[in-house]
Amino acid sequence: MKQQKVASEITGKVWKIVGAPGASLAEDDPILILESMKMEIPVSAPLDCRIVEILVAEGDTVSEGQLVAVIEA
Amino acid sequence: MAFEKELEAFQRRSEAARAMGSPKRLAERKAAGILNARERVDLLVDHGTFEEAGLFARSIRPEAADVSNGDGVVSGFGHVDGRLVGINAADFTVLGSSSAAIHGKKQSFVRNAAAANGHPVINLMECAGGRIPDIMGAAGIGASGEIARYSRRRTTPAISAVMGLTYGGGAFTCINSDLVVMRKGAVLAVSSQMATSVAIGEEMDPQDLGGWRHHSEGTGFVHAVADTDEDCVAWVKRALSYLPDHANAVTPRTEFAADAEAAVAGILDLVPEQRGKTYDMRKVIAAIADPGSVLPIKDRFAKVAVTCLARIRGRAVGIIATNPMFKGGALDPDSCDKIAGFIVLCDSFNLPIVFLADTPGFLVGLESEKKRLAGKIMNFMAALELSTVPKIALILRKSFGQAYLNMGGGKSDTTATWFTGEISFMDPAVAVNIVYAVKREDDPERFEQLAREVSKDTSAYDLAAPFMAHAVIDPRETRAYLDRQLDIFSRSLTGGVGAHRLADWPPAF
């Protein structure tokens with residue numbers, strides 16, 4: 001199992017955290033959802049994985065490229 | 001028999017020249033599952049149609065004559081699916097297919113003959129860079145400049161495949177092409193890692209320097225990625241099928257399946273009703289295009305923008321769309337470059353363009369401004385305004401601000417919108433903040449009232465009333481609508497051929 005970090009592709013506000021640490025996700029499943037440009041934009045699992053840690057909280061502002069979660073696969 | 005001795009010598013010399021580089025090198029490639037130059041050409045052309053130019057060419061340096069079969073490139077002409085094309089296939093087993101006088105002269109011959117006579121050019125590339133010692137010394141590099149011509153008018157399509165280590169001149173040939181496919185494991189870079197480690201003290205993996213991930217996701221230099229040599233050649237052939245032989249011709253219409261209309265009937269289920277929800281635009285495109293006809297172009301780069309070649313009722317088109325699945329469909333600087341380059345391709349080769357817009361606007365903010373967003377938007381717009389191919393702009397859901405214009409709104413032969421269209425200078429919720437300085441959290445009631453007011457004149461019908469949208473359509477009618485519009489805006493006076501004002505546009509987009 002190798003850990004990797006997931007970055008936000010866009011600047012925005014964390015609207016909803018979908019996956020809790022320990023949750024198993026399939027590729028493209030949302031980890032959390034950002035609000036940006038008045039759209040709900042998911043930050044999704046880049047591959048089948050398990051969430052190790054969520055690095056942000058709902059309501060936080062994240063910038064493009066900021067790490068938002070740690071996963072292992 | 002008369003001339004028996006000469007005939008024997010001719011056969012012997014032909015065979016020796018066709019043997020390419022050393023048997024050891026050829027065997028190593030075979031063991032690694034990599035095709036040699038002649039096998040690649042055989043795979044590309046219709047059987048028995050290859051007309052070689054320069055079989056007996058050799059290095060300009062007499063001392064290298066015995067080790068320079070063809071001077072490192074297999075050049076000539078052949079038929080690909082019945083169409084005549086020029087071919088330059090790098091032979092890495094001969095001096096690394098390095099750039100040198102005769103090597104370059106052969107490639108130029110094919111390129112010039114193809115351009116002058118209206119044939120596409122296919123480059124199957126590998127290149128160790130400039131040949132040592134040929135390019136050494138002042139006269140060495142000076143001589144390269146006297147022969148080489150780098151700028152290219154888009155007279156006939158050029159498609160390149162990066163099929164191994166491709167440095168220097170080989171890399172430049174690929175960059176100057178209209179379409180590039182790269183095999184996984186190949187490398188495209190100005191300079192090899194050996195040179196960079198000496199020149200700037202930087203040690204690195206060649207894949208980081210110029211591997212397929214770097215170019216398909218980072219630089220956007222390659223239009224597609226293939227797993228094997230065979231897949232590379234298959235991609236080249238498929239890409240060619242969407243393009244005409246030259247800029248003064250159009251792509252012939254093809255047959256399409258009888259059940260081609262089925263998918264579009266379910267299109268309403270592909271797009272969420274809630275305006276803030278995302279979806280995958282590629283599924284919408286697949287439903288609109290003829291089944292199996294979509295060829296993604298740069299699908300790993302700047303994913304906000306979808307660019308693809310496709311067919312609608314047998315007619316080849318270029319489709320440019322925003323994809324709400326990535327960055328909400330907000331166009332970022334890289335997606336501007338991606339679209340501008342694609343417009344150049346379509347305009348140069350008479351491919352009508354279909355815009356499908358669902359975008360909250362350009363992606364504003366610090367990162368975008370740092371990446372020169374204003375300039376990128378104007379390059380995109382310049383390409384759009386200078387293009388003369390038929391353009392049809394269709395709004396699916398939202399299309400706001402400058403992005404409405406860049407996605408062809410009012411800038412195309414015709415603009416239409418699905419009945420779900422929402423068009424304004426910016427998202428109404430943002431507009432309330434900016435125009436009235438009211439935030440939802442401060443005064444929810446007033447915010448809602450103002451949001452209703454700002455949203456009032458932004459529907460599909462509000463764009464149709466002043467005849468800025470020429471039609472409001474049922475999404476299930478999209479295919480039939482586009483087909484009819486492509487008939488109407490057919491450029492029949494010139495046989496479908498445009499003015500090609502973008503034919504000299506710079507290559508690296």
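Modeller: Let's start with a term we will need: a polar contact is a pair of N or O atoms within 3.5 Å, and within protein one of them must be able to donate a hydrogen and the other to accept it. Please keep in mind that this is a predicted model. By that rule, domain 2 and domain 3 of chain B share one residue pair in polar contact, both residues being at pLDDT 80 or more.

Colleague: What makes domain 2 of chain B and domain 3 of chain B count as being in contact?

Modeller: Contact asks for heavy atoms within 4.5 Å. Five residues of domain 2 of chain B meet four residues of domain 3 of chain B in this way. About 320 Å² is buried between the two domains, with carbon and sulfur atoms giving 40% of it. On the domain 2 side, R275(B), F400(B) and D462(B) supply 81% of the area buried against domain 3, more than any other three residues.

Colleague: How many salt bridges link chain A and chain B?

Modeller: The count there is two. K277(B) forms a salt bridge with E40(A), with the closest N and O atoms 3.0 Å apart. The side of chain A that touches chain B divides into five nonpolar, no polar and four charged residues. Four residue pairs are in polar contact across this interface.

Colleague: How do you know what size the interface of chain A and chain B has?

Modeller: The size of an interface is often given as the accessible area lost when the parts come together. For chain A and chain B, about 1,300 Å² is buried, and carbon and sulfur atoms give 61% of that area. M37(A), K38(A) and M39(A) supply 48% of what chain A buries, more than any other three residues. The contact takes nine residues from chain A and 21 residues from chain B.

Colleague: What is said about phi of K38(A)?

Modeller: Its phi is near 60°, a positive value in a residue other than glycine. K38(A) lies in the loop between β4 (30-36) and β5 (39-44) of chain A.

Colleague: Why is the pair F10(B) and F56(B) called tilted?

Modeller: Rings pair if their centres lie within 6.5 Å, and planes under 30 degrees apart count as stacked, over 60 as edge-to-face and the rest as tilted. The ring centres of F10(B) and F56(B) are 6.3 Å apart and the planes meet at 45°, so this pair is tilted. F10(B) sits in helix α1 and F56(B) in the loop between β1 and β2 of chain B, 46 residues apart. The structure holds three aromatic pairs over all chains.

Colleague: Which residues does a cis peptide bond join?

Modeller: I132(B) and P133(B), with omega about 10°. P133(B) lies in the loop between β4 (121-127) and α5 (137-147) of chain B.

Methods: Residues are numbered from 1 along each chain as its sequence is written. Chains are lettered from A and ligands numbered from 1 in the order in which they are written. This is a predicted model: local features need pLDDT of at least 70, side-chain atom pairs count only at pLDDT 80 or more; totals for chains, interfaces and linings use all residues. Side-chain values use heavy atoms; hydrogens and water are left out. Buried area is the accessible area (1.4 Å probe) that two parts lose on being put together, summed over both. A salt bridge is a side-chain nitrogen of Lys or Arg within 4 Å of a carboxyl oxygen of Asp or Glu. A polar contact is a pair of N or O atoms within 3.5 Å; within protein, one must be able to donate a hydrogen and the other to accept it, and residues adjacent in sequence count only if both atoms are side-chain atoms. Ala, Val, Leu, Ile, Met, Phe, Trp, Tyr, Cys and Pro count as nonpolar, Asp, Glu, Lys and Arg as charged, and the others, Gly among them, as polar. Rings of Phe, Tyr and Trp (its six-membered ring) pair if their centres lie within 6.5 Å; planes under 30 degrees apart count as stacked, over 60 as edge-to-face and the rest as tilted. Helices (H or I, at least four residues) and strands (E, at least two) are DSSP runs, numbered from the N terminus.
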